[in-house]
Amino acid sequence: MSKQKKLDFFLKNPNTSVITTAEEPTPSTSDVTSSLEPKPKKPKIRKFDPSYLGFGFTYKDDCPQCVICSEILTNSSMAPAKLLRHLETKHQQYKSKSIDFFKRKESELKAQKTLIRNTGAENVLALKASFLISLRIAKSKKNFTIEEDLIMPCMVDANLTLFGDKSAKKIKTIPLSNDTVSNRITMMSDDVHQQLIRKIKRSKLYALQLDESTDITDKALLLIYTRYVDWDEKEIKEKFLNCLELKKHTTGAEIFSALSDCFLSTDLKMSDCISICTDGAANMTGRHPGLVAKMKQVAPNIQSTHCMIHREMFASKRMSAEFNQVLTTAVKTVNFIKSSSLNSRLLAMLCDEMGSAHRTLLLHAEVRWLSRGRILKRLCELREEIIIFLSSKNCDLVQYFKDIDWNMKLCYLADIFQLLNEPNLSLQGTQKTMFHSYSKIEGQKKKI
């Protein structure tokens, strides 16, 4: 069947499909459409000619750039007629200038680019130096004004003496004002905190260690430490997570509420907490109102542990009434001397005259675990000086220091608490596990 007959047959019978042979394939609609579509032409990239400088143009990234106004045109504008039109319309006063004039303008443009590049690099280095100095001030816990008052003048004087005025001018470009240092420290703190939150979220599971205490200004603070798996370094890390201020009460409900708000703001899931370590206070370990009980309602699989260092502190409190009376008397003696500035100065002068190893007594603090051992040791070392001082003040406490049996008990307590302080110190620090603490305590028991 010829092509003409096939076409006539198809026009007479439109519903009839035409069977074609392999020798005469029927082209598809997509093939016909694609063959009819015009192929896109590649844009022509014009090249810069040195003669274009006579029109006031140099080049940058295959595009013409005016050496007078620094405007960058498209590559399609790199034609003499278009460049001349730009010169005549925007810089008509320079139309009759020679090519030497435009060469000088080109040199000035390149010098300007170099200046901007160098200035930007110097600003980046000055910013980096500002962050490094602010970090050192934060670590040293100094006042933020120390940069303007001390650090900056010292650096300027040192550079002016050693390297000259040019180096001193560069030092002055470092931003070191009080507000700047405060902002730098805040930015670094927020960045470190966000990095820690991201690593905890990636770890999936984590553990917490909480301790509620009171600082010197009578503010109730909740310290939060966390342990998580750092997948980048493939090890378990221990970091300080946050320090929360408890505005009102320090009950278990208040602590749980503050902890919940902290986790909600950081988008951490409390249900992912698998372990919590606290001390033995009622607000932490209470059966119903305690923090641990409330945490178990949110995370049923959480495991609670008692801090071993707190166990050592509780063990040191369990003493007989006889030794407790010795400790109470020692604390009263320290308070009698330390509560008065005059008494402290007089005791210091007496120690200097007698050639003592120490000049002052240590103040007892119930919240500090190592306080008892240090205060009793200092009392034993300054026993003779205290007897002379209390006798001059006609204080009734002097009779205890003259009693041989009482002094023997005082020295015994000082030795015992000093031995207890050693494991307390060894148990503190980062990356200490339960196995490490257990071996330290067992070794101390054998040593005693």
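Helix 7 lies across strand 3 (206–214), strand 4 (220–230) and strand 5, and runs at about 55° to strand 4. Helix 8 (residues 252–266) packs on the sheet too, where it touches strand 3, strand 4 and strand 5. The direction of helix 8 makes about 120° with that of strand 5. The model is a predicted one.

The sheet itself is open and has five strands in the order 5-4-3-6-7, with mixed pairing. Strand 5 and strand 7 (303–306) stand at the edges; each has a single partner strand, so one side of each lacks a neighbour in the sheet. Neighbouring strands are turned by 20° against each other on average, direction ignored. Strand 6 (residues 273–278) pairs with strand 7 in the parallel sense over four bridges. Ile 276 stands opposite Ser 304 in strand 7.

Next, the second largest pocket. It holds about 710 Å³ of space. Of its 18 lining residues, Met 188, Ser 189, Val 192, His 193 and Phe 240 are the closest to its centre. Helix 4 (99–140), helix 7 (178–203) and strand 5 (235–246) each supply at least two residues of the lining. Helix 7 gives the most, with nine residues.

| Class in the pocket lining | Residues |
|---|---|
| Nonpolar | nine residues |
| Polar | three residues |

Elsewhere, helix 12 (residues 321–338) packs with helix 15 (residues 383–392) at an angle of about 65°, their axes 12 Å apart. The crossing is left-handed. Thr 333, Phe 336 and Ile 337 in helix 12 meet Ile 386, Phe 389 and Leu 390 in helix 15. This contact has five nonpolar residues, one polar and no charged ones.

How values were computed:
Residues numbered from 1 in each chain as written. Predicted model: local features only at pLDDT ≥ 70, side-chain atom pairs only at ≥ 80, totals over all residues. Heavy atoms only, no water. Axes fitted to C-alpha atoms, helices over the stretch in contact; angles between N-to-C directions. Left-handed = near helix turned anticlockwise from the far one by under 90°. Contact = heavy atoms within 4.5 Å. Nonpolar A, V, L, I, M, F, W, Y, C, P; charged D, E, K, R; others polar. 1 Å grid on protein atoms, 1.4 Å probe; cavity = no way out; pocket = protein on both sides within 12 Å on 5 of 7 lines; lining within 4 Å. Points joined across faces, edges and corners; volume = space filled by probe spheres on them. Pairing = 2+ DSSP bridges.
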